[in-house]
Structure formats: C-alpha cells, structure tokens
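Here is a short briefing for a first look. Start with the sequence and the model, then read the points below.

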Amino acid sequence: MKAGTATLAYSPPRQPRPRLAGWYTAAWGIALMVALPVLAVFYLALFPDENIWVHLASTVLPVYVITTLELIIGVALLSILAGVGSAWLVTMYSFPGKRLFEWALLLPFAVPAYVIAYVYTDLLEFAGPVQGALRALFGWQSARDYWFPEIRSLGGAILMLSLVLYPYIYLLTRAAFLEQSVSLRDASRLLGCTAWQSFYRVSLPIARPAIAVGVSLVAMETINDFGTVDYFAVKSLTAGIYDTWLNMYNLGGAAQIASLMLVFVVILITLERMARAQQRQFHSADRFSTLQPTRLTGAAALAASTFCLLPVLCGFIVPFSLLSWYASSYLDQLWSEDFISYASHSFTLSLGAAVLSIVLAVILAYAKRLYSEKRALLFAVRFSSLGYAMPGAVLALGVIIPLAAFDNAVDDFMRRTFDVSTGLLLSGTTFAIILAYVVRFLAVSNGAVDSSLSKVTPSMDMAARSLGHSASQTLLKVHLPLIRGGLMTALLVVFVDCMKELPATLILRPFNYDTLATFVYQYASDEMLERSALAALLIVLVGVLPVILLSRSITATRRQNNG
Amino acid sequence: MKSSRTLLAAATLTLAGTASFAQAANEVNIYSYRQAFLIQPLLEEFSKETGIQVNLVTGDKGLLERLEHEGRNSPADILLTAEVGPLYDATQKGLVSAVQSDVLNESIPQHYRDPEGRWFGLTARSRIIYASKDRVQDGEIKTYEELADPKWKGRICTRSGKHTYNLSLIASMIAHHDEAYAEQWLEDLKANLARKPQGNDRAQVKAVKEGVCDLALGNSYYFGKMLTNEEQPEQKEWAQSVNLVFPNQDDRGAHMNISGAAVTQHAPNRDNAIKLIEFLAAEKAQKIYAEVNSEFPVRPGTPNSALIEEYMGNFKGDEISLSELGPLRATASRLVDKVGFDN
C-alpha cells in the first residue's frame, strides 16, 4: 500500500494543453477568492488600536489558551469515541436497531450547538425538571443543600459540542469503512488477527485519513464556537477575540488573536499530515465482495445497541422532544406565515452555498490531482480552507471588507466615467451570505471530496487519458461517478452546516431578511427558548430529512455494488 | 451530470437576482443592535403615521464595521443601539453625523445625549441591586460601594464582568472614584461572589429566588419583564422574591445607561432619519417603550407605566454624562481581566 509520490502522481503531459491550463487557473482563482476574507482579517491585524498582548499576557491569555486546548482535546476525544466507535459497530456487526442507528447516529448533526446548550441548561439547571425531581425526592430545600454538576462549565461545553459534532467523524469514518476492501479484512482475519486486531491494525489505519479530516473539522468548529462558550461562560480564545473587539474597541487586536489562532490550526493540521505522509493508499476496484457483518448476541448486542443509542438519545431525542414540547405548547402564538419565508430563505441559501461549495471543491481537488507537483497550488488550496477556523462574526467582517471595497471601486469608476452611481452591488445582498458560507464551509467539502478523490487509483486517470479522454471528460465520466457517495456526503454536510450558521448571517443579511437561525437567535439570546422553539425545530427538521435520505443513499451504493 | 448543471445555473441566477440597486424611495434604513421584537411595534406605528417605510437589519455585533466599510454608499440612515457603547465607538470613528434638532434637544436631557448632537438617548435604565426579601433587610445595602463589604461574602450573583452593562457600571465607578479604587472594589466584589459570573440578568434574580445568593446586579427593566411574564409564570415568582434597591440615593444616584440612536454620516434619507428619531423621542413612543419594555422614558414629564410607578417610583439617577463614560469602558474591561473577575 505504500508508495512514493513520484511513481504514483500523475505526470503532466509533455506538451501543455490549454484545457489543463484552464483547470490550473480556475483552481488558483477559486483559492484566491476564498482566501480573500481570511487575508482581510490578516490585514485588520496589521492595525491594532494599541498593543493588547502586554495586557493579555499578564492577565487572561494563559486562561484563554489553556481553556481552548482543554476544550479542543475534550471535544476531539469524546467525538472520536462516539464517532469512530459507532461507525465501526454499525458497519461490522449486526445487533438490534443497527439499521436504525445507521442513519439515526447522524441526527444530532442537525441540532445547532447553541440550541442544544440552551436545551440542556433548561433541563439541568436548578429550576429545571431534573434537579426539581431530585429535590422533591430527597426533600432538599435550596441549592446549598446538595451538589449537582454545573452544566454551565467547561465540562458542559465539551459535552454539548461533542454531542452535535461527533457526526462529522461518524459520517466520514463510516464512509471510509464502507469503502474499504473486505478482502483486506478477510485476509487479516485469515492471517490470525482477532476482530479487535483486524480493526486496530487494518481498518483503522486505512480509515485514518477520513478520521483525521473529521477530527480537524470538529476541532475547527470547536475553536470558532462562540454561542456555547459564551452562554456557559467558558473563557476560550474566541471569547477573548470578541472581548477585545467589542469591549476594548480594538478590532485590530482581535484580528491578531484570530490570526494567531489560525496559525495554531495550521500547525495542528500540518503535524497530522506529516504524521501520515508515509501512508498513501489507493483502492483497487475490489470493494465488491459482500460484507458480512458479524451477528452479536446477548450482552455484546446490548452493549452495542446502548453505545449507539446514547449519542442519539442525548444529542437528538432529548433536545428534539423538549423543543417539540415547547413548540406545541405555544403553537398558536408562535405560528405565522413568516415562518414559510424564513424557512425558504434558509433552504435556498443553504442549498445554493452547498452546491457551490461542492463544485468549487471538485475543481480544487481535481486541479490538485492534475498538478500535484505544483507546491504553490497545493498551499493555496489548503489556505483556502482556513476560513473554517475563524469565528463567524470575524469572518463576516472579512467578507464585508473586500466586497465593500469592490462595490465602492465600481461605484467610483462609474461616477467618474458615466456620472452614474451604482451604489452597493454585492454588499448587503444574499450573495454576501452565500460567499461567507462557501468561505466558511469549503474546508468541509474540500475534505470530503479530496479524501474520496484521493482513493481513486491514478491508473484510472492513465487508462481514461490514454483512451483519448480529455481531463474534463475523465473527471465527468470516470471520477465523478466513482466518488458520487463522497460528493453526496459533502453536499449534505455543507447544507446542514449552512442551515445552522448564525453569526455571519446576522451581520451580512439584507434589510428585513430573516432565516430560521436568525429568528431563533432573536429570542434565544434573551433566554426565551420557548419562543424560538418552533424555528429551532424547523432547522432540525429541514436538516434531518436530507440527512436521512443521503445516509440511506450512501448505504444503498454499497448494497448495490455488493449485488 | 445534467442535474448538477441545472443546480449550478439555478444558483448563479439566484446570485444575480439578489444584487439590488439603491433606490430613492420614501423609506428609512436602520442598522440596529436592539432586537427586532423590542422595536417593531414602534417602527410600525411610525410607518402608519408618516407613510415612510422602515427597513431593518439587526445584529449584536459587526454592524458598525459594516457601516464603516460600506462608506459613502451605505444604505443605512440610522444606527440604533441597546446601550451607549457602540454610539461612542461610532462617534470616535466618525461614522455618525451631528444633528441640530430643537425637538430632540428639548425632549432629551443633556446627560442623555452627545454634547455635539451626534447621538441621542431614547430610553434609560438603571443598573440596580436585586435583594432577597427573605434574607436581606431593608436598608442593609444602600450603595454600589457596599457590595465590596466582606459581610456579603458568598452572597452576590452577577453576569460576566465583561458584559457591557457591567462594564458601564465599572466605568462609572472609575469616573466617580479613580482607577485604583475601582480595581480594589472589583476585587472585593469578586471575593463576595456566590458563583462564577454566568448567565444573563434574569438568571441572577432566579439564583436569588433559588437561594444561591442574596444580592444580584441587574438592569431595572428585567424586573418588569419577569413580573409580567405570562409565558413563563415561574419568572413572576423570581421577581416576587426580591426587593429593588436603587443604590446611592444619598449621593450621586443609581447608575444609568441608555438605548439610543444616531444618524449616519452618509445617510441617504437623512430627513426621514431625523423624523424617526424625533418620533421615538416624542411622548407617544416614549410611553410605549415604558409600557412594553419597562424602560424609563428619557423625555421629562412622560407618565411612567403603572408597573414602574408601583415598584420603581421616584428614584435619583446618576447624571454623569454618558459621553464621559465611553472612553472608560476599555479601562473597565482591562480591570475585569486584571482581577480575574470572570475566572
């Protein structure tokens, strides 16, 4: 499975063809466009109102850094446990509820982190039903009579974020397990590996790129989260960014912290890449033998069911039930025709951004494949993923700056030349929101598309090209059909992510324009969860349907191929 | 691949269709840091009376920067805020313009507006002490300064020191004493906290009801919101468990903050913008503010709502000019870090 880059990378044609130059240019264009907002934040960082570092370093910086590290490590570990563990169980074993869990494990993904944080606070705080029942049961009077874990804490934040983020890892890892050649695992078992050894020594290393992509997505989502950490009063770097920006009127200083955070992310990702640089792997087309899941019985089956049930229960069933209960109690007050327009705004924006992200990700990934020797392009593509690790509101500023500069430059030119003012063409339109979504979530589609495409063996390209197909034809006729499942996954993940996105939508939206998320925020920010319950429920429902459909279609590809 | 091409085409069309040109219409455009549901009734009333259409974008951060970068092409006419902070910031950056309006100058007391007319307070609120009816006697706490008294050890709740409402209070402590005093006060207050600062203002009153603490810092209007909350009747119990203490009645008065408005530098509908702010400062709108949100009208002589009359009556508010507190907020934020208030 191990081979040097030189022999495997597709070598460029000796006579450069215009078509290929097209891929190269397009990739650069996309990478630059997507990098602009990040560059804009770097630009802001050049002009701090004063040096904040002396103050920060002598006071809260250590707290910020340590808290952020604890948060990331905690969320990553918990998400790996839930994500990889459940992916392995539903792929390799059959046990009660397995068919259900295959897609149900994805459901928590449709719940926005800020919503789950509100829900669990309502449930677990002093006045909530859980502590209320305990008090009634044991006759405690006040909060001073007993100890109960504080949900608004670092631990609480880790739990909340893990519950809604582990599906990234589950989704990618399960796809990787499904794509793996069964014969490899069979061989390992024939050679004397136990089931555990076969998992640990064969399946896990092969799935590692997928797991790594999943974990880095989870880590970046964790870093840029503000809703949960703010609500739980957890002092992470992102909290520090907003504090410096809004309370100390030092946007430049805030941009410096954000930029530093990105550097931190780049180091993490690079380390991971270096660690698996040695293992490049491709699948030959032999995944067609039938996967026979081992049937679990008795205690083992029960344990497997419980393991899969827990994240679904805590991450979806509980918040979904509470939201439904709130929504139904207040339905007559809450329902208005406006919800249809909020939902359609959310849906159109998310679908538009998701499709665009996938198209761009395919172009980037394919250009990387065609030009794997161009280090600069590789770097640019990687750089274009960085928007994901930036707090949403900061990224929104990064979008505003180049768009407004463009609008004003066009306006200036038109005024000077034709004496006509064009005003703002792009700023304050839904285009700005879609651009922000694409910049933010391109990392997700890039990751998914890239990891699928990298598994298609280069001999496919060689065969197609030597049979006379152009690069574009090869992509359309050979690669895209092969990575259909990966594309679907990417589309679904980006779509649901966009449905939940809040901070950038708030700042960038046009006048009199609400999405489900902005509507939820309006009331939830004032701790009126009941009032936002219906909209929150709609986000979850709109997110759930594609999750189920696509999850089934991913499973179906596998079964069809098996047939 | 046909379907994906159709999708792409659809996406492109959506994008192209959304770019809208600025149009001259009878309208006024607002960038608002106040939540829509708090101001919508007033804006609807304004449209009904004047026929001017009101367009609104709300958010809790970033709108100022949006205004700044959109520059002279920005469609925004009015910046509406929930406190004085962003107004001060906008003034510093030259994003808002001076308005000379006799109507506004007569309706709004001097300490609630910018001396140069660049922003105007529209409603006032006080940051007060909520004291447990059961565990704190009348008159046991009378000033903000006394919150630092060790006798309150483990008995005080507050939201994050970094929250703008607290920063504003700390800034006023700096203004009335000095930085060193404010730092010591903050450190002693920190030592008296019953728990790590968290939640919002209502959550602190709730904590008093639950016995977690005996004193809580909070804005005055939350009392009205809790006492009349039909959707969550349990909040009425929280409100009923506390007495309202308006601090420092024997000297400078209770700390006040405002929600306010400013006309932007490049407002395309400047006249309409001024009209709207004047409308919001007029008696009718001032009464609605008081009744719907339990905020204090800034306009002298506006009748208080029954609830304000009953529970908050006449109290003395601090008349220090809010424009003086603006620059002290960053210092206040640094003090919060320095004493590790939120840790």
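In chain B, the centres of domain 1 and domain 2, taken over C-alpha atoms, are 28 Å apart. The domain bounds come from an automatic or database domain assignment. This is a predicted model, in which local features need pLDDT of at least 70, side-chain atom pairs count only at pLDDT 80 or more, and totals for chains, interfaces and linings use all residues. Residues are numbered from 1 along each chain as its sequence is written, while chains are lettered from A and ligands numbered from 1 in the order in which they are written.

**Domains of chain B**

- Domain 1 of chain B covers 20–124 + 257–303, and domain 2 of chain B covers 126–255 + 323–338.
- Their contact takes 10 residues from domain 1 of chain B and 12 residues from domain 2 of chain B. Two residues are in contact if their C-beta atoms, placed from the backbone, lie within 7 Å.
- On the domain 1 side, helix α4 (residues 84–92) of chain B gives the most, with 3 residues. Helices (H or I, at least four residues) and strands (E, at least two) are DSSP runs, numbered from the N terminus.
- That side of domain 1 of chain B has 3 nonpolar, 4 polar and 3 charged residues. Here Ala, Val, Leu, Ile, Met, Phe, Trp, Tyr, Cys and Pro count as nonpolar, Asp, Glu, Lys and Arg as charged, and the others, Gly among them, as polar.

**Chain A against chain B**

- Chain B and chain A put 54 residues each into their contact.
- On chain B, elements that each supply at least two residues include α1 (2–18), α2 (36–50) and β2 (53–58).
- By class, this side of chain B has 18 nonpolar, 18 polar and 18 charged residues.

**A helix pair in chain A**

- Helix α6 (residues 113–124) of chain A packs against helix α8 (residues 154–179) of chain A at an angle of about 135°, with axes 9 Å apart. Axes are lines fitted to C-alpha atoms, for helices over the stretch in contact, and angles run from 0 to 180 degrees between N-to-C directions.
- α6(A) is therefore oblique to α8(A). Angles under 35 degrees count as roughly parallel, over 145 as roughly antiparallel, 65 to 115 as roughly perpendicular and the rest as oblique.
- From α6(A), A113(A), I116(A), A117(A) and Y120(A) meet M160(A), L161(A), L163(A) and V164(A) of α8(A).
- The residues of this contact are 8 nonpolar, no polar and no charged.
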